[in-house]
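I am opening a new page for this structure.

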Amino acid sequence: MSKRSTTTKDIGLVQQLLESSQLRLAPEFQRNAVWPRAAKAYLIDTILSERPMPLFFLQRGRSAQTGKPIYSVVDGQQRLRAIFEYMEDRFALTESKDRRWKRKRFSELAQSLQENLLNYDLTIEELTGYGDEEIRDIFVRMNKYVVKLSPQELRHAREHGRFYDFVEGLARLPFWRDQR
């Protein structure tokens with residue numbers, strides 16, 4: 001019987017799962033690492049700034065040899081790769097505005113910031129009892145129609161104030177609707 005359950009695991013625990021071979025980061029249906037360095041740095045800045053990030057989806061199974069839980073990443077592989085690569089000092093935080101960690105690698109962070117990163121809780125949806133075809137279908141559904149925000153949509157999300165309100169009011173005038 002298929003079951004979904006939501007849980008949290010901190011980054012330190014997920015790293016332990018990877019190191020003990022209980023986490024399969026890239027099952028065969030996953031794509032290769034595709035995130036640019038700037039996206040990885042921005043994600044780490046998100047963690048250090050204590051901002052939320054989307055759910056991770058892991059298929060939970062059991063090792064036939066050890067009886068321990070085994071997790072396969074269904075969604076979130078790029079994010080996990082970025083976290084682990086940062087912890088291995090493979091890039092610095094170029095996308096940050098915070099002086100405490102801007103341009104720093106993991107080993108260059110203050111001990112308290114390293115601990116904050118390791119203790120950051122990831123929200124995980126564990127999928128148990130799903131067959132391989134169902135897991136592949138879930139993966140496709142999550143990734144088929146991902147649409148990146150346009151530059152205008154990003155500005156819309158970031159900007160606010162009187163001028164912004166004025167321009168938005170102008171844009172709602174019937175004149176603009178009639179010009180399509």
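Before reading any pairing, I note that two strands pair if DSSP finds at least two bridges between them. Helices (H or I, at least four residues) and strands (E, at least two) are DSSP runs, numbered from the N terminus. What I am looking at is a predicted model, in which local features need pLDDT of at least 70 and side-chain atom pairs count only at pLDDT 80 or more, while totals for chains, interfaces and linings use all residues. Residues are numbered from 1 along each chain as its sequence is written, and side-chain values use heavy atoms, with hydrogens and water left out.

**Sheet.** I looked up the bridge partner of Leu58 in β4 and found Val73. This belongs to the antiparallel pairing of β3 (residues 56-62) with β4 (residues 69-75), which runs over six bridges; Phe57 likewise has Asp75 of β4 as its bridge partner. In the hairpin of these strands, which has six residues between them, Gly67 takes a positive phi near 80°. I then turned to β5, which pairs with β3 in the parallel sense over five bridges, with Ile124 of β5 as the bridge partner of Phe56. Taken as a whole, the five strands form an open sheet of mixed pairing in the order β1-β5-β3-β4-β2. The edge strands are β1 (3-10) and β2 (23-24), each of which pairs on one side only.

Next I checked α2 and α3, which pack at about 80° with their axes 9 Å apart. Axes are lines fitted to C-alpha atoms, for helices over the stretch in contact, and angles run from 0 to 180 degrees between N-to-C directions. That makes α2 roughly perpendicular to α3 (65 to 115 degrees). Lys40, Leu43, Ile44 and Ile47 of α2 make the contact with Arg79, Ala82, Ile83, Glu85 and Tyr86 of α3.

Technical notes: Angles under 35 degrees count as roughly parallel, over 145 as roughly antiparallel, 65 to 115 as roughly perpendicular and the rest as oblique. Contact means heavy atoms within 4.5 Å.
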